[in-house]
Amino acid sequence: AGQSGVIAAFGPMSPEVSAIAECMAALTTIPTSQRHDATVAPVPWNWGEYSSTRKLKIGYYVADGFIAATPACARAVHEACHMLRQRGYEVVPFRPPMVIQALHLFIKLLTADGGKSAAEHLEDEVIDDSLRAFVQGVRASGSLWKRQLLPRLMRRKGKHRTADLLEAQGTCSSSQLWTAQAHRIHLITLWEQAVQAAGIDVFVTPAHVMLPPPPHVIASSGITLCYTQIFNVLDFPAGTVPVGHATAQDEEDMPSWPRQALDDAFGSELHELIQQGLVYGEQDDAVERLVRDSSCGIAGLPTAVQCVALPWKEETCLRVMRELQADTAR
């Protein structure tokens, strides 16, 4: 309670994108006299933008610098981009700025109280086995072992991603919390400027690093939600839509992951970006091993992409989702 750095987002779900648009329109067109939530801006739904046929500029990426998407999830993005090009849209690569820093901030803001609020909400609750490790980790965030000793051990082994995330956890002072919240505003501005400078209307990203893992590894795979978590930090409208299915080739390409994905995304700049702390190279850590193990036997499973727009551009985001759904159904 009271945590406002990363606001929980409850979005409508439906097999049809058009139904989500109808829901959003209903939620945003409530007469002023009947509004009971003063924190919601009275912005009317723009059906004209949702139904527009103007040509859009689409950005995309399949490696965010934190952890690259697996071949199946990356292929879904490329398939979506092909569909959008067929509609006459300009589709360009987009390099997301400061993703690692934003995700560290995500952890810092959520655990600023040392996990106290989460522990209180879960008191006397029955914890499902698939989430037990995650809950235990939140409760222990900020401990001497998790915030200082274990990160040092991980860093010596070259596991920088894990070490950085552990160090980001734990109780903050008031001044540290305010600094983190100011950093969040800075990142939002940085992203808005980058998107606007590129002239991008909507960008397409992987919906996840990998396809759905077995239930028993869910608790250990939380950081693979990075492609969606960052937009909780930035508070950008985003939605996912199914595009295609995993193939046998996706499985065959896994031995070169993430090395090949990083080379493709960052090219000759990769080493310098790693040195600057803007990209994690191949770590061979527990997360990468979990992703590899969970990417066996995936052929035939559905894949999806995430569509993202700038704040207050939900209509444009849903328009692209609707068009991808229509093209996929053909």
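This note comments on backbone geometry and aromatic contacts in a predicted model.

1. Basis. Residues are numbered from 1 along each chain as its sequence is written, and side-chain values use heavy atoms, with hydrogens and water left out. In this predicted model, local features need pLDDT of at least 70 and side-chain atom pairs count only at pLDDT 80 or more, while totals for chains, interfaces and linings use all residues.

2. Backbone. Most residues other than glycine have a negative phi, and most peptide bonds are trans. The bond from W257 to P258 is cis, with omega near 0°. P258 is placed in the loop between α11 (248-252) and α12 (259-266); helices (H or I, at least four residues) and strands (E, at least two) are DSSP runs, numbered from the N terminus.

3. Positive phi. M98 has a phi of about 55° and lies in the loop between β2 (90-93) and α4 (99-110). W312, with phi near 70°, is found in the loop between β5 (302-308) and α15 (314-328). W312 is exposed at 58% relative accessibility (buried means under 20% relative accessible area, exposed over 50%, partly exposed in between; 1.4 Å probe, protein chains only).

4. Aromatic pair. W191 and F236 pair edge-to-face, at 6.3 Å centre to centre and 80° between the planes (rings of Phe, Tyr and Trp, its six-membered ring, pair if their centres lie within 6.5 Å; planes under 30 degrees apart count as stacked, over 60 as edge-to-face and the rest as tilted). W191 lies in helix α9 (residues 174-197) and F236 in the loop between α10 (226-234) and β4 (238-245), so the pair ties together parts 45 residues apart in sequence. Both W191 and F236 are buried.
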